[in-house]
Amino acid sequence: VSVVDYRQPEALRGAVAGADVAVHLAGALLPRRGGTLVQANVETTRALVEVAADSGVQTCVYLSFPGADPTSSNEYLRTKGMAEAVIQQAGFAGAIFRVPMILGPDSPAAVQLRRMASAPLQPLVHGGAVRIQPIAQADVLAAIAWAIAVAPRPLRVLNLVGPETLTYAELLRMVCARFETQPRVLRIP
């Protein structure tokens, strides 16, 4: 596993030297202060793809998001779709997995849900009515291992979602029940 700054081409080149597979997990739902979603989702992908292709990497696995589309009016979905297009144009074998919220013991989503469960007031868009299909971290890892082992060609774009559909409010209630908390929900339009 190599963690490098994509803005440092030599470090990136060193990280992929001799690799057959690149598993690209960089990206963001919200950009860091002073950054943009284009930087977080598209530029990181473009930098990796350029170096990986030059270095002879044959297989790429990328985590995207359901609904990713380079023409979307939603900036996050648009930038994830743009990143997918960069990978597809490179001609790699492998897979792009469109995954929603990933839940594992210390996944960012689980940490956020625990934090929310401990707060006295929860501001939720539309009262948490948004429907989601969270997926277990172990299932995502198994899918990545499959894509590396099988290296499908042409590269596949697959929606990888959990078996249950529930609202965000329902998921938060389940977490709160586990921690025996009952925060008040503030409905945000």
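## Glu84, a charged residue in H3

Glu84 sits in helix H3 (helices are DSSP runs of H or I with at least four residues, strands are runs of E with at least two, and both are numbered from the N terminus). This is a predicted model, where local features need pLDDT of at least 70, side-chain atom pairs count only at pLDDT 80 or more, and totals for chains, interfaces and linings use all residues. Residues are numbered from 1 along each chain as its sequence is written, and side-chain values use heavy atoms, with hydrogens and water left out.

Is Glu84 buried or exposed? Glu84 is buried, because its relative accessible area is 3% (buried means under 20%, exposed over 50%, partly exposed in between, with a 1.4 Å probe and protein chains only). Skip the neighbours within four places in sequence, and Glu84 is in contact with Tyr62, Ser64, Ala68, Ile96, Arg98 and Val157 (contact means heavy atoms within 4.5 Å). Ile102 is 18 residues from Glu84 along the chain, and their C-alpha atoms are separated by 19 Å.

## H3 against H2

Now for the helix that carries Glu84. H3 packs with helix H2 (residues 37–55) at an angle of about 5°, and the axes are 8 Å apart. Those axes are lines fitted to C-alpha atoms, for helices over the stretch in contact, with angles from 0 to 180 degrees between N-to-C directions. The two helices are therefore roughly parallel (under 35 degrees; over 145 is roughly antiparallel, 65 to 115 roughly perpendicular, and the rest oblique).

On the H2 side you'll find Leu37, Val38, Asn41, Val42, Thr45, Arg46 and Val49, and they meet an H3 set that includes Tyr76, Met82, Val86 and Ile87. By class, this contact has 10 nonpolar, 3 polar and 3 charged residues (Ala, Val, Leu, Ile, Met, Phe, Trp, Tyr, Cys and Pro count as nonpolar, Asp, Glu, Lys and Arg as charged, and the others, Gly among them, as polar).

## H4 against H6

Helix H4 (residues 108–118) and helix H6 (residues 168–179) have axes that come within 9 Å and cross at roughly 70°. That makes H4 roughly perpendicular to H6.

Leu113, Arg114, Met116 and Ala117 are the H4 contributors, facing Tyr168, Leu171, Leu172, Val175, Cys176 and Phe179 in H6. This contact splits into 9 nonpolar, no polar and 1 charged residue. Cys176 is buried at 7% relative accessible area.

## Aromatic pairs

How many aromatic pairs does the structure hold? There are 2 (rings of Phe, Tyr and Trp, its six-membered ring, pair if their centres lie within 6.5 Å; planes under 30 degrees apart are stacked, over 60 edge-to-face, and the rest tilted). Phe65 and Tyr76 make an edge-to-face pair, 5.4 Å centre to centre with 70° between the planes. Phe65 is in the loop between strand S2 (59–64) and helix H3 (75–90), while Tyr76 is in H3, 11 residues apart. Phe65 is partly exposed at 29%, and Tyr76 is buried at 13%.

Phe97 and Trp146 have ring centres 6.4 Å apart and planes at 55°, so that pair is tilted. Phe97 lies in strand S3 (residues 93–98) and Trp146 in helix H5 (residues 137–150), 49 residues apart. Phe97 is buried at 2%, whereas Trp146 is partly exposed at 33%.
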